[in-house]
Amino acid sequence: MNKNENKKKIGKARKAAFIVFLIILALLFFAFLELSKNTVLGWVLAAITFCGYAFTDLKLLKKKKFFAHLGVFICFLIVLAGITKFTAPPYKRVPAVDVKNPEATEVLTIEQGELTGVFNEDKTVEVYAGIPYAKPPVGELRWKEPQEPDGWDGVLVCDHFAPMSMQVRNSELINSLTSIIGYHNYKISLKDNYREAMSEDSLYLNIWKPAGNVEDAPVLVYIHGGSLETGQPSFSEYRGEDLAKKGIIVVNFGYRLNVFGYMANEELAAESSNGTTGNYGLLDQIQALKWVQENIAAFGGDPAQITVAGESAGSSSVNALCVSPLAKGLFRYAIAESSGITPIVPYHTFRSLEAAMETGSSIMDEFGFDNIEGMRTVSAEKLVKTEFKNTAMTVDGYAITEQPYLTYERGANNEQALLNGFNSHEATVFNLFNKVEKEDYSAMLQSIGGDYAAEIEEIYLYDCITEDYDFLVEAGGEAKKTYNFILGGTWFAYSHYLWSNYDANEGIPVYQYCFTKNNRSLQANHAGELPYAYGNLWRHGWLYDDEDYKLSEAMQSYWVNFVKIGDPNGEGLPEWKPFAEDRSKVLELGENIGMTDNMYNELYPILDKYQTSLK
């Protein structure tokens, strides 16, 4: 082989390597654009840029030296970075239905004015999204009790969800990766190349009702979770379309979160005519319930037949509504999923007023103000990034007048029937990044059981739980699964044990469940039951099989029956026995549906002793 032929061969190899490199880079970049939800324009500009770079390097710079190629490559990367920024997903409100050009409903009239909603795809449900239930809590109304909503002129078109409440949120790239790794529900689509709008002005509610004329339909009002820090009512897993097809009306809403919803301050308490502070998000929830009671008849609902429901922090909020004197008479039944504030010292979503005030003072110092007037001038975008957590309610003497367990001991709670429960793997997602080895186990149990940790360890040896429920990012450890089991029982199931006992002691009907269903999404981890109970498996149908849909149909029927009559039982359903008949039993909702022993029966008495010691 002569020198020229060898040179040509090397040149062809370099060209081939360059093309392979460029193809790999293009695939990675287009994947990045998709996961980051960049607009279609970004894809077009990127394609043009890759083609232009390939032509420039292979043709125009064919005989140029290395530094010329390097300079063009750097310019190429700069252009890609510019495309990423220029075509970033815009902020938009989420459509109320997944239907292109949905049909509008007839005009409805309420006290605030006239409005229209939209029909779902098969026109069996009417959806009214983004109805204001209070004045925007902005400017002088930041950190004040919610005010009655303003009216409007003309016809309000309620076809999009309102902006989500202010919160710190991840990039769309992180959200996409979470969907892939955690929920496993990611799908490529050109319909979601945007970010959900977010605003301090977020006190709006959404209504799903059976289509056509409806009279005196029972109403379910759902409160979303998110640790009182994040979350939005537009989330697909608890939309109310399918439950509305079963004859009830479903309502959910946004409420103030984090520093906007739960900051406490002495000056704020002093300026309030009710002396309240620290529970603005809870007061929003009460205002939403008042709006529903006053207006739901216009949508065909029965204001005397309202059930309040929630999951996680939403369930803790339901618990707070059950003990709030302000919520008395605003609902009849309660559904609580995976959280509560009934322990003597609740493990989360609740704090002392003293602790809340201290955090409020720290936030004032953080932003350099010594008065609330100054704090109200801080932009919402800046304020939401405070380094201090505000993820808990408190005893403010107004919305909550005493530790919740005391209200239950007095029998002064508001619910007339209770459906509540927990999932079999509640704590896994909260403890992903903590490694728990054998030598760590005893010390970590101290935070759960204090002086009674040794009793817990005696029953639950560090490696006694072996069921595999790992995520890809699970930190692991030989004691991790047992610790997660105990943590789930403590943080979540224990509050339902107490809550159920308090109500049963009063003669209030109680029905308790444990969700155990394995699937290809969240399985029986925290929030795993939501798409089953609210009928939204079909939104990510590839993740579920016939057994999942069968369970979902049963759970929807239980929930709807309970909303209608305060008893989940009905024709064709396995019997769900009242908690009072045997307090060691729960209804398992999983591969099988039926009464079974509560998995935490041995843990609860130890937690009782620990909590009693905290009085």
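This is a predicted model: local features need pLDDT of at least 70, side-chain atom pairs count only at pLDDT 80 or more; totals for chains, interfaces and linings use all residues.

Reader: What makes the radius of gyration of the chain agree with a compact globule?

Author: The radius is taken over C-alpha atoms, and the globule rule is 2.2 Å times the number of residues to the power 0.38. For 615 residues a compact globule would come out near 25 Å, and the chain has 27 Å, so the two agree. The C-alpha trace spans about 100 × 65 × 60 Å along its principal axes.

Reader: Why is Leu33 called buried?

Author: Buried means under 20% relative accessible area, exposed over 50%, and partly exposed in between (1.4 Å probe, protein chains only). Leu33 has 0% relative accessibility, so Leu33 counts as buried. Across the chain, 54% of the 615 residues count as buried.

Reader: Where does Leu33 lie, and which residues does Leu33 contact?

Author: Leu33 lies in helix H1 (residues 3–35); helices (H or I, at least four residues) and strands (E, at least two) are DSSP runs, numbered from the N terminus. Leaving aside neighbours within four places in sequence, Leu33 is in contact with Asn38, Gly42, Trp43, Ala46 and Thr84.

Reader: And why does Asn431 count as buried?

Author: Its relative accessible area is 4%, so Asn431 is buried too. Asn431 lies in the loop between strand E15 (418–423) and helix H14 (438–449). Beyond four places in sequence, Asn431 touches several residues, among them Val436, Glu474 and Tyr483.

Reader: What makes E2 and E3 a pair?

Author: Two strands pair if DSSP finds at least two bridges between them. E2 and strand E3 (residues 113–116) have three bridges, in the antiparallel sense, and Leu108 stands opposite Leu115 in E3.

Reader: Which strands make up the open sheet, and in what order?

Author: The open sheet has three strands in the order E2-E3-E6, with mixed pairing. Strand E2 (108–110) and strand E6 (155–157) are the edge strands, as each pairs on one side only.

How values were computed: Residues are numbered from 1 along each chain as its sequence is written. Side-chain values use heavy atoms; hydrogens and water are left out. Contact means heavy atoms within 4.5 Å.
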